[in-house]
Amino acid sequence: FSANAGSAAGVASQPGYVQHHSVDEASQAAKDRPQHHNKAATRSSPLQSETQEFMVDDDGAPSPVALQPCVDQVDAELPQCPAPSTASASTTASTPQKETSVGEQAVPAVEKPKRQVILLPSVFEGRPPVLLFTYTVACGAKQRSMDRAVYADIDGPKLFYSHTDEVHEYNATINIVRQGGLYRVKADSQRYMLLWSRHPSPEVLRCLKPSQKTNHYPGSWNLGHKDLLWRNISRMYRRFGQPYEITPTGFNLPKASVSFEVARHRQPAALWIWKPCSQSCGRGIRVFSSSVSKEEAAEFTRKRGVVQRYVPNPLLIDGFKFDLRIYVLVVSYDPLKVYINDEGLVRLATEKYSESPDTLDSKTMHLTNYSVNKESPAFVQNRDGRDSVGVTGDDDAGSHREFKEETQQASKWSLSELRTNFEQRGLKYEVMLDRIKDVIIKTLIAVEPALRADWAKALGQDSAGWAARGAAGAHVSSTASCFELYGFDILVDRDLKPWLLEVNICPSLSSGSPLDKRIKTKLVADTLTLVGLQPPPNIWRRSRGSMKRPCSDVDEEEDRLRRLELSQEERAKRAVPLRECDNPADALAHFDELAWEAVLQSQDEDMRSGGFTRIFPTADSAKYVPYMGKESYLNLVLRKWYEAGGSDLFTKARDGLPFPPWVPRQLCFSTT
């Protein structure tokens with residue numbers, strides 16, 4: 001891509017450039033800003049969830065925010081992304097404006113602005129670009145690097161998404177997708193690039209084209225349902241023992257009622273927590289002791305739910321119990337590629353913790369759920385350092401801000417603020433985080449067989465596993481048709497050992513506070529950029545500042561990737577010589593075209609990962625191989641690649657390295 005295009009795309013992150021908003025957005029943003037109140041008033045009620053953050057148009061979603069450089073700093077050679085308020089032909093529909101009369105004065109009708117698509121070229125020569133999703137000004141996050149961005153022709157073809165009414169419509173999702181230039185259509189139109197819904201039905205999955213993506217894997221309820229999650233983890237614990245002691249001991253009721261009664265009588269001093277299988281937001285949860293009455297115990301054993309040991313020694317913050325919401329993105333299950341977000345939420349109880357059995361009925365002491373504690377008079381909203389004047393977005397809020405008294409009193413923190421608290425207390429944050437990553441990876445490995453079976457079953461190819469492919473092209477290799485964002489809820493004890501509480505497969509993206517808005521809006525933008533929505537060639541061929549790399553046609557690319565697909569038997573054969581290589585660098589000589597495709601795709605993902613960090617695979621992934629049953633071919637390929645040096649190999653001269661001549665060179669090394 002041309003240098004001019006990259007420079008133009010970068011104007012949003014440079015000093016002296018501003019983003020323009022509609023009048024409706026500006027007024028609503030003013031309403032959303034937290035006001036200065038005294039502490040009592042702040043504790044009385046949390047801020048309301050953001051509503052109608054942007055101007056609403058025909059599809060019921062907010063209008064985009066375009067990037068517009070200041071007039072006195074415009075380089076005439078740089079393409080510009082027009083502001084919504086501009087009335088030029090490049091920003092409005094081609095139909096003539098109509099005028100309406102108000103008294104004797106003619107007022108021109110306001111036409112809706114067109115939406116700007118921003119492309120992110122591959123870092124490799126000859127590979128197609130993906131869509132780049134930027135952060136909204138209202139969220140307050142520092143804008144991602146735009147050095148590699150290229151603006152598509154604003155008068156070019158439209159791109160579409162579908163958001164069904166089967167899932168809640170969060171502003172964080174709609175605002176980012178709309179700002180990314182996509183228009184909304186119904187799911188049955190099949191014109192969408194992105195389907196945001198619940199788990200895809202077999203019918204939907206079989207109709208998905210390689211260029212389409214959806215935000216759930218079929219069968220991920222094996223993670224989201226508490227009883228199924230415990231079943232999968234307990235199976236691994238019975239096989240491997242202590243390494244899989246990652247969640248408190250539990251029992252699926254009523255099936256395991258007898259076993260639970262035995263455990264209860266053997267541990268008379270133990271505390272237990274009962275959770276309904278499919279509920280959320282703290283609904284139905286009970287904390288009780290082993291000495292509970294016979295009648296109450298019988299009531300628990302009649303209901304469908306999970307009962308687990310209550311972690312008796314939770315780490316506290318100023319005397320309050322807390323848990324962590326960790327955001328995890330699975331880009332693919334074969335190969336397994338897992339990313340963790342650099343920001344998450346620290347959710348504190350609003351009543352100081354006590355180990356006394358007399359307090360077990362106090363939900364705001366023993367439960368850290370936001371839905372439970374937000375109703376407490378002691379709840380304090382985290383304003384994320386914003387004042388009543390406005391938010392400039394000039395700093396990465398929470399990352400470099402002084403740890404102030406108002407943050408210490410808040411009932412919800414960011415992970416950055418928790419890190420600061422750990423430093424002040426002499427606790428080892430990185431040790432805790434590494435242990436959390438270990439819990440996440442082991443959890444995903446535990447449920448992978450069940451998800452693999454459900455994937456093949458949904459496509460009517462029960463024995464094909466992840467190699468099953470939909471009639472229209474849905475697949476999991478290369479640019480997988482599915483991705484999934486999870487919310488891992490983690491409790492940390494006083495030994496800094498993390499305990500998995502549950503996994504949310506539809507984590508809330510509600511922006512009920514400035515802190516939530518910043519973290520979750522950025523989270524959605526980084527997710528959609530990382531998973532890689534590939535536009536059709538008629539989009540990037542008309543981009544401003546033409547891409548000078550010979551990108552392949554998307555249809556040709558799909559045909560090429562289809563030819564690379566191998567049966568499970570063929571993949572198993574090709575894995576044999578890789579396993580026999582003691583030196584990882586020697587294994588690279590055995591990589592076929594499918595293996596190199598997996599390597600290039602993973603490198604491109606890392607280069608556009610935003611606030612995400614890859615935690616699997618890495619150069620240390622060999623320690624997880626025993627838990628994987630039989631390591632798949634593509635998992636083996638990426639493990640050998642990272643053990644051999646991974647991305648560092650692309651920065652070295654190819655002399656002496658087993659790179660086939662047809663593997664493209666990496667031309668760009670800037671991340672976004």
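**Strand pairing, cores and aromatic contacts in the predicted model**

In strand 18, Y339 is the bridge partner of L329. The model is predicted: local features need pLDDT of at least 70, side-chain atom pairs count only at pLDDT 80 or more, and totals for chains, interfaces and linings use all residues. Residues are numbered from 1 along each chain as its sequence is written, and side-chain values use heavy atoms, with hydrogens and water left out.

Strand 17 (residues 320-333) and strand 18 run antiparallel and are joined by five bridges. They form a hairpin with two residues between them. Strands here are DSSP runs of E with at least two residues, helices are runs of H or I with at least four residues, and both are numbered from the N terminus. Two strands pair if DSSP finds at least two bridges between them. Strand 18 is also joined to strand 23 (residues 612-616), by four bridges, and these two strands run antiparallel. Y339 has R614 as its bridge partner in strand 23. R614 also lies over the face of Y642, at 4.0 Å from the ring centre. A charge sits over a ring if NZ of Lys or CZ of Arg is within 6 Å of the ring centre and within 35 degrees of the ring normal.

Strand 18 (residues 336-341) is largely enclosed by the rest of the structure, because six of its six residues are buried. Buried means under 20% relative accessible area, exposed means over 50%, and partly exposed lies in between (1.4 Å probe, protein chains only). Both faces of strand 18 are covered. L336, V338 and I340 are buried on one side, and K337, Y339 and N341 on the other. Of the 672 residues of the protein, 58% count as buried.

The protein has 21 helices and 23 strands. Among contacts with a separation of 6 or more, 72% are between residues 24 or more positions apart. Contact means heavy atoms within 4.5 Å.

The largest nonpolar core has 68 residues. Such a core is a set of buried Ala, Val, Leu, Ile, Met, Phe, Trp, Tyr and Cys residues joined through side-chain atoms within 4.5 Å. In soluble globular proteins, nonpolar side chains tend to be buried together. The residues with the most contacts inside the largest core are L324, I326, Y333, I440, L444, W455 and Y486. Helix 14 gives the most to this core, with 15 residues. Leaving aside neighbours within four places in sequence, L444 is in contact with L223, V328, V330, Y333, V338, Y486 and F488. Another core, of 39 residues, lies apart from the largest one and has I174, L515, I519 and L530 among its members.

A search of the whole structure finds 27 aromatic pairs. The rings of Y217 and W455 have centres 6.4 Å apart and planes at 55 degrees, so this pair is tilted. Rings of Phe, Tyr and Trp (its six-membered ring) pair if their centres lie within 6.5 Å; planes under 30 degrees apart count as stacked, over 60 as edge-to-face and the rest as tilted. The pair links distant parts of the chain, 238 residues apart. Y217 lies in the loop between strand 11 (213-214) and helix 6 (221-224), and W455 in helix 14 (residues 429-458). Both Y217 and W455 are buried. W455 also forms a tilted pair with W466, at 6.0 Å centre to centre and 45 degrees between the planes. W466 counts as buried at 5% relative accessibility, and W455 has a relative accessible area of 0%. Elsewhere, ring pairs link F124, F591, W596, W641, F650 and F659 into a cluster.

Three bridges join strand 8 (residues 159-163) to strand 10 (residues 194-196). The bridge partner of S162 in strand 10 is L195. The charged end of K158 sits over the ring of Y183, 4.4 Å from its centre.

The other open sheet has three strands in the order 6-5-7, with antiparallel pairing. Two bridges join strand 5 (residues 118-120) to strand 7, and V150 in strand 7 is the bridge partner of L119.
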